Amino acid sequence: MDDTDVHLIGIELGTSGLRVAVYDLDGNIIAAKETEIKEQTTNNWLTSLISIFPTELLKNVPSEKKILTVDGTSGSVIFVDKYGEPLFPPLMYFEKAKKETVARLYESESIKELINGGSKISTTSPLPKIMELKQENPQVFQNVYWIIPSTTWLLYTLLMKKNKTWTDNIQTDWTNSLKLGADITKSRPEWIHSIFEEAKIASDFLLPQIVAPGTPMGVAESELAEKLGISNATICQGMTDGTAGSLTMGLLHPNDTGINVGSTTVPKIVVEEKEDLPIHPAIYYHRHPIKGYLAGSATGAAGTFFRWFIEQIIGLPLEEAIPLAEKYDSPENECLFFPQGDRSPFDDPQMGAAFLNMWPADSESQQARGNLIRGLIAGMTLTESIYIKIFEELFEPISEVKILAKSTKWPFWNKLRASIYEKPIRIVQEKTPNIGALMPALLQLKLYKSPQDLEKLIRYQEKVDPDPNLADLYKDKKQRYYGQWQTLKKVYHAT
């Protein structure tokens, strides 16, 4: 392919919004736009995509100069008939199955194979929710031809003409297959068919073939693609949004470590290819889209809680709230925030968020708010530091941590992160959506030769070193934080 004037198109189907960005081959943004998603339906996704897509820009670009992929939330799945038409509303990753259904799966003989394959089952995992959906809607479910991740559905909706059957060679990428029930530790990731059989789900024809992220799928032939101005554009397999964020941060080489902070907090570290991956209850593994593995997690929705608390409880926009935390600098007396435990490291749906060490004080309102906001920020940062400690215990010492987050525009928070981690942090410019989703496709299409070459696409803003005095102030809290959080779990389960 002649690489002159190539347009790279990334679509991100996120938890709360849909984002589209167009880049040149050097990673410079040509156009970017996003919109909020208030209702998680496939019709709303498509309407939102049409409303923000840069059609006028792209319709005059030659089709062979357009490359597109999608990244989206992991664990969200679509049930389609043989024409790709959804038979149920999207089954979103945040929806929950009954604990009893999960317990039944843990009685199966195949669960150990799933865990050793880098995954685990919880109330938010797709498999128990699929079991319940089938039980509640047996007649409709018998018309299901494919169970596919939301990312895969959108890619094929762009690729395939309407009324063309989706019966041959449907594929999904190996990052999106993990939570659905794949063993990604094998050199060629594959479905763990036994656990689907024990769950009475026919995996032999309901699940697509697993391939590498970035694999070329064909050219866009759908009516939707024509409406968007991308007919005959090259469509490539995508990945989960968390994995895309990891590549955007530059997690390309062994021991590269980063934290993507959005609605949820996603810490990741690159691990070399090895036969025996260390198992830890707080982390899972993705096969790296390029080489090796990504070990990491997705914690409770701390980012969502943070915004809700600041705007709805404190009653301030973020632009006014966060400076208060810096202005009223009293870490010795600050309260401390503990995020929800419904995801890692506890996977306990009963554990709500909590504050400790709150005392009434004779202070004016702004100072009281500042101390509360500071405790919220400190708790989120201490949560992030737990994973850095886990990574170092399981793998190798970490020299620096890369951060991708909207909060990186606040120097105070950047300094707090570096000081609590006791490591320098490297701030990555936030992109909309993640250019990381396009990196494997660039390698597969031979537009880039090596992972080292991809580093030119990463936009670092600055490096922030720890403040020794600030690190000392938080050293004791850092050592006690996880133990206090574990104790809170007992409180939520007290009778």
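F88 is buried, at a relative accessible area of 11%, where buried stands for under 20%, exposed for over 50% and partly exposed for what falls in between, using a 1.4 Å probe and protein chains only. F79 is buried too, with 0%. The pairing rule takes rings of Phe, Tyr and Trp (its six-membered ring) with centres within 6.5 Å, and calls planes under 30 degrees apart stacked, over 60 edge-to-face and the rest tilted. W191 and F196 have ring centres 6.1 Å apart and planes at 90 degrees, so this pair is edge-to-face as well; both residues are buried.

Keep in mind that this is a predicted model, in which local features need pLDDT of at least 70 and side-chain atom pairs count only at pLDDT 80 or more, while totals for chains, interfaces and linings use all residues. Residues are numbered from 1 along each chain as its sequence is written, and side-chain values use heavy atoms, with hydrogens and water left out.

Back to the rings: the whole structure holds 19 aromatic pairs. Ring pairs also tie F305, W308, F309, F337 and F355 into a cluster. W308 belongs to helix 13 (residues 302-314); helices here are DSSP runs of H or I with at least four residues, strands are runs of E with at least two, and both are numbered from the N terminus. Is W308 buried or partly exposed? It counts as partly exposed, because its relative accessibility is 44%. Two arginines also meet rings: the charged end of R287 sits over the ring of W174, 5.9 Å from its centre, and that of R426 sits over Y460 at 5.4 Å. For this, NZ of Lys or CZ of Arg has to be within 6 Å of the ring centre and within 35 degrees of the ring normal.

Now for the strands. In a regular strand, side chains alternate between the two faces of the sheet. Strand 5 (residues 77-80) is covered on both faces, with V77 and F79 buried on one side and I78 and V80 buried on the other. Strand 5 pairs with strand 6 (residues 146-149) in the antiparallel sense over four bridges, a pairing that requires at least two DSSP bridges. Within it, I78 stands opposite I148. Elsewhere, strand 2 (residues 17-23) and strand 3 (residues 29-36) run antiparallel and are joined by seven bridges, with G17 opposite E36. These two form a hairpin with five residues between them, and G27 in the turn has a positive phi of about 90 degrees.

A cavity is a set of points on a 1 Å grid over the protein atoms alone where a 1.4 Å probe fits but cannot get out, and lining residues have an atom within 4 Å of a point. Volume is the space filled by probe spheres set on the points, which are joined across faces, edges and corners. The largest cavity has about 250 Å³. It is lined by 18 residues, and S122, T124, K179, Y284 and R343 are the closest to its centre.

The second largest cavity has about 40 Å³, and its lining includes V77, K179 and L180. Helix 8 (residues 174-181) gives the most to that lining, with three residues.

How values were computed. On a 1 Å grid over the protein atoms alone, a cavity is a set of points where a 1.4 Å probe fits but cannot get out, and a pocket is an open set with protein on both sides within 12 Å along at least five of seven lines; lining residues have an atom within 4 Å of a point.
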